[in-house]
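Please have the sequence and the structure at hand.

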Amino acid sequence: MNLTELQSLELEIENFDFKIDNYKVNPIKLQEFIPLLTKYCDLSNKLNHYWLHCSYRTYKATIEERLKEYQNKYVDAEPIDFYKEELSIITAPVSMDTLYGFAPDMRFRINEQSSLIGRHYLGNKIARDFNLAYEKKTKFLREKIDKIKNPPIKHTKPAKEETPIQVDTDLVLTAMNQKIILLYRLGVIDSLKEKYTYLSLHQIAGLIGKFTGLKQNTVYGWIQPIYNENNEQKNNPLNSDKGTKIIETYLKELGIHN
């Protein structure tokens, strides 16, 4: 069984003489025709051959290739144009001239919609197959068109809620010189010096001592080397690698960058 045999059956079907008299099909000839059409349907299913009343399975298997052919033929065509035209062909109303599903010249056309109305004259099995295929094809095409017209909304995943930064403040503030490093990195000491220019560095140390709980002379001994490089630098808290690293890590976790 091959395409050649299918084409031969197609010619035989389209040239079949129904002996129609006064728009009435000869019942004997119709009974001869049904096995012929059944054979054509079965063979087209096996070969996945598209025709107007092919099975839904064959329709789906061939539609992508047919869509490509359509777009190659009509360069500006979009998939929705193809699906709309397909739906129009399948569901087009049949003229009264195509009585009993036959074309005006009283022939059964394989690929013309005019044969659609005659489904219920073509035997129970063929009629059932045609009806099922018709329903599934139209549903499929309408869903395709609707999906293009109303594309699904893409739901983006909500941004992951940031976990609150847990900063070990006890660790940061356990060493007293780390408090001075923190105030210096935040610009607090510089701000005090710039705003209160009439205060000596020793007096500023006293202010810092008030809100840090440190003694004035202790604070002064730490901040003086920061602002006077000629002084002994061993007490400069900024020279403490461990203390500086702890404070820098603390500020970085808070998003504060110098």
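What volume does the second largest pocket have? The second largest pocket has a volume of about 200 Å³. A pocket here is an open set of points on a 1 Å grid over the protein atoms alone, where a 1.4 Å probe fits, with protein on both sides within 12 Å along at least five of seven lines. The volume is the space filled by probe spheres set on the points, which are joined across faces, edges and corners.

The model is predicted: local features need pLDDT of at least 70, side-chain atom pairs count only at pLDDT 80 or more, and totals for chains, interfaces and linings use all residues. Residues are numbered from 1 along each chain as its sequence is written, and side-chain values use heavy atoms, with hydrogens and water left out.

The protein has eleven helices and zero strands, taken from DSSP runs (H or I, at least four residues, for helices; E, at least two, for strands) numbered from the N terminus. Of its 258 residues, 34% are buried, that is, under 20% relative accessible area with a 1.4 Å probe and protein chains only. Among contacts (heavy atoms within 4.5 Å) with a separation of 6 or more, 57% join residues 24 or more positions apart.

Back at the pocket, 15 residues form the lining, each with an atom within 4 Å of a point. N45, S55, Y56, D129 and A133 lie nearest the centre. Helices α2 (27-46) and α5 (124-149) each supply at least two lining residues, and α5 gives the largest share, six.

How values were computed. Buried < 20%, exposed > 50% of the residue type's maximum accessible area, 1.4 Å probe, protein only.
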